[in-house]
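Please read it alongside the sequence and the structure.

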Amino acid sequence: MDNLPYAVQTTFPLLFMLVPALGAMLSCRRRGPGRSTAEIWQRWWAVGALGIGSLYVTISFLAAPTVMADTIGFAHSPFQFEIAFANLGLAVLGFRAASAPPRERLTSGLAAAAFLWGAAVGHVYQWFAHGDHSAGNTGGILANDVLIPAVMIALAARDVRRSGSGRNHTARPAA
């Protein structure tokens, strides 16, 4: 990654949002009756942005942990292995959300937010407290950490409200 210009390194993660957005736009133009725009966007976003994006981070941290630490501007640490598997968990959530009902897609977005927004806070802290402007600390990855869960939550919440699936349908009648 050191051979790539800074602008390429810092904007590369944006592809994980751009490609699903383009796919969702094209799919919405060809959608059939009964499929909401929010659902189409959510499924594309879940697979492309969260699923494939997180799988890419997983593989990167496992295959090239030194490169990843250098790209972020962080010290090399055994926690890189844990970050890889935390991202694998996010990838599983993203892939599962592709075929999940609205409430489960909302839960996937909330779970992604718990990790990624915490990561975003860490990146911003390193940026301001230590001047870390490394390609993997600010720019595209910071935008991904904030926007991927935010879009998932917003779209899934809209579908939950629209479908009325936010109600508890599994409650048992009183005896």
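Is Glu-104 buried, exposed or partly exposed? Glu-104 is partly exposed, because its relative accessible area is 29%; buried means under 20% relative accessible area, exposed over 50%, and partly exposed in between, with a 1.4 Å probe and protein chains only.

1. Basis of the note. This is a predicted model, in which local features need pLDDT of at least 70 and side-chain atom pairs count only at pLDDT 80 or more, while totals for chains, interfaces and linings use all residues. Residues are numbered from 1 along each chain as its sequence is written, and side-chain values use heavy atoms, with hydrogens and water left out.

2. Overall architecture. The chain contains seven helices and zero strands; helices (H or I, at least four residues) and strands (E, at least two) are DSSP runs, numbered from the N terminus. Read from the N terminus, the order of elements is α-α-α-α-α-α-α. The C-alpha trace spans about 60 × 45 × 30 Å along its principal axes. The chain has 175 residues, of which 41% count as buried.

3. The salt bridge of Glu-104. The partner of Glu-104 is Arg-96, with a distance of 2.7 Å from N to O. A salt bridge is a side-chain nitrogen of Lys or Arg within 4 Å of a carboxyl oxygen of Asp or Glu. Arg-96 is likewise described as partly exposed, with a relative accessible area of 37%. Over the whole structure, the search finds four salt bridges.

4. Glu-39 and Arg-43 form a salt bridge in which the closest N and O atoms are 2.9 Å apart. Both residues belong to helix 3 (residues 37-63), where they are four residues apart, about one turn of the helix. An α-helix has 3.6 residues a turn, so residues three or four places apart point the same way. Both Glu-39 and Arg-43 are buried.

5. Asp-159 and Arg-162 meet through their side chains in a salt bridge of 3.6 Å, N to O. Because these two residues are three apart in helix 7 (residues 140-163), about one helical turn separates Asp-159 from Arg-162. Asp-159 counts as buried, at 2% relative accessibility. Salt bridges with shared partners link Arg-105, Asp-159 and Arg-162 into one network.

6. Helix 2 and its buried face. Helix 2 has 15 residues and reaches 21 Å from its first C-alpha to its last, close to the expected 21 Å at 1.5 Å a residue; the expected span is 1.5 Å times one less than the number of residues. Its buried residues are Phe-16, Met-17, Pro-20, Ala-21, Gly-23, Ala-24, Ser-27 and Cys-28. Viewed down the axis of helix 2, these residues fall within an arc of 165 degrees, so they line one face of the helix. The arc is that of the directions from the helix axis to the C-beta atoms.

7. A nonpolar surface patch. Leu-15, Leu-18, Val-19, Leu-22 and Met-25 make up a nonpolar patch on the surface, with about 440 Å² of accessible area together. Patches are made of residues with over 30% relative accessible area and no salt bridge, with like charges joined within 9 Å and nonpolar side chains (Val, Leu, Ile, Met, Phe, Trp, Tyr) within 5 Å. Accessible areas come from the Shrake-Rupley method with a 1.4 Å probe, and for residues only the protein chains shown count as cover. Of these residues, Leu-22 lies in helix 2 (residues 15-29) and is partly exposed, at 43%.

8. Aromatic pairs. Rings of Phe, Tyr and Trp (its six-membered ring) pair if their centres lie within 6.5 Å; planes under 30 degrees apart count as stacked, over 60 as edge-to-face and the rest as tilted. The ring centres of Phe-12 and Phe-16 are 5.7 Å apart and the planes stand at 85 degrees, so this pair is edge-to-face. Phe-12 is partly exposed at 30% relative accessibility, whereas Phe-16 is buried at 15%. Together with Tyr-56, Phe-12 and Phe-16 form one aromatic cluster.
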